[in-house]
Amino acid sequence: MIGIYGGTFNPIHYGHLRTALEIKEILNLSEIRFIPCYQPVLKDQPFVSATARFNMVELAIETQAGFICDRRELVRQGASYMVDTLASLRMSFQQQPLLLLLGMDAFGSLTQWSRWQTLFDYAHIVVMSRPENPQIALTDFFKQRLIKDIAPLKQHTCGKLYFQKVTPLAISSTEIRKLFLQENSPRFLMPDNVINYIEQYKIYRNFNADQ
Ligand code: ATP
């Protein structure tokens, strides 16, 4: 089973990395593919180039076996629709279950994504939820796909919805960009080698932290 971790990664931080590792181990995934978007669809276009965001992901995961940085959204360019990305992954991995990993915030906006129902034709969706698991009201579309244990994720290549509890880490890229702007340290929120890269290229100086 392959995990798909999409995001803007502006920049990548331990909230991304720790949840990915927990999911990989709990669900026994063979790999997790981090896929930095080229152009976010529901967020403003970041000031930071897709190449710099990709490079930061590569640095962050270089020592973790089974973590892969996937370039396909950068190569494709244009608006990074996840449904197109999953279609392309399905061509590459025809027989394997694909698990699209989403944080609760991303799942909350899922019905605004382009052709969101079609995502389930290519992959399962695994929502990385908090231990207290807030009661979210699911529509019938989601209830029909909801599973309570992991066996069906292995038995089917796509189509299921599963909530996996992970350690909550209230770290966000937005808050990290603010720290850089204020010339405060983001240490222990993200890997040191990514911080060094950001400082070397002065990536978050003089930017609007909201972007
Ligand atoms: P921003 O603050 O710029 O909106 P972000 O920190 O939310 O960014 P993204 O790259 O937009 O990071 O997120 C990619 C994916 O990672 C989404 O599915 C999001 O829900 C998830 N994610 C981000 N931060 C965390 C976190 N601290 N814990 C769990 N999942 C997270």
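**Group meeting: cysteines, sheet, cores and backbone**

A search of the whole structure finds 0 disulfides, a disulfide being a pair of cysteine sulfur atoms within 2.5 Å. Cys-37 is in no disulfide, and the nearest cysteine sulfur, in Cys-69, is 12 Å away. That distance is too far for a bond. Cys-37 is buried at a relative accessible area of 7%, and Cys-69 is buried at 16%. Buried here means under 20% relative accessible area, exposed means over 50%, and partly exposed is in between, with a 1.4 Å probe and protein chains only.

A word on the source. This is a predicted model, in which local features need pLDDT of at least 70 and side-chain atom pairs count only at pLDDT 80 or more, while totals for chains, interfaces and linings use all residues. Residues are numbered from 1 along each chain as its sequence is written, and side-chain values use heavy atoms, with hydrogens and water left out.

Next, the sheet. Helices (H or I, at least four residues) and strands (E, at least two) are DSSP runs numbered from the N terminus. There is an open sheet of 6 strands with parallel pairing, in the order S3-S2-S1-S4-S5-S6; strands pair if DSSP finds at least two bridges between them. S3 and S6 (161-165) stand at the edges with a single partner strand each, so one side of each has no neighbour in the sheet. On average, neighbouring strands are turned by 30 degrees against each other, direction ignored. S4 and S5 pair in the parallel sense over 5 bridges, and Leu-101 has Val-126 in S5 as its bridge partner.

Two helices lie across these strands. H1 lies across S1 (2-7), S2, S3, S4, S5 and S6, at about 150 degrees to S2. H4 (82-92) lies across S1, S2 and S4, at about 155 degrees to S4. Axes are lines fitted to C-alpha atoms, for helices over the stretch in contact, and angles run from 0 to 180 degrees between N-to-C directions.

Now the cores. A nonpolar core is a set of buried Ala, Val, Leu, Ile, Met, Phe, Trp, Tyr and Cys residues joined through side-chain atoms within 4.5 Å. The largest has 41 residues, and Ile-12 and Phe-34 have the most contacts inside it. Elements supplying at least two residues each include H1 (14-26), S2 (31-36), S4 (98-103) and S5 (124-129). The largest share, 7 residues, comes from H2. Leaving aside residues up to four places away in sequence, Ile-12 touches Leu-17, Phe-34, Met-56, Val-57, Ala-60, Met-190 and Val-194, contact meaning heavy atoms within 4.5 Å. Apart from this core lies another, of 25 residues, among them Phe-141, Phe-142, Leu-161 and Phe-163.

Val-194 brings us to H10. The buried residues of H10 (192-200) are Val-194, Ile-195, Tyr-197 and Ile-198. Down the axis of H10 they fall within an arc of 160 degrees, so they line one face of the helix; the arc is that of the directions from the helix axis to the C-beta atoms. They pack against H2 (50-61) and H9 (173-181).

Last, the backbone. Just after H10, Lys-202 has a positive phi of about 50 degrees. Gln-77, in the loop between H3 (72-76) and H4, has a phi near 60 degrees and is partly exposed at 44% relative accessibility. Arg-115, in the loop between H5 (104-108) and H6 (119-122), has a phi near 45 degrees and is partly exposed at 41%. A cis peptide bond joins Asn-10 and Pro-11, with omega about 0 degrees; Pro-11 lies in the loop between S1 and H1.
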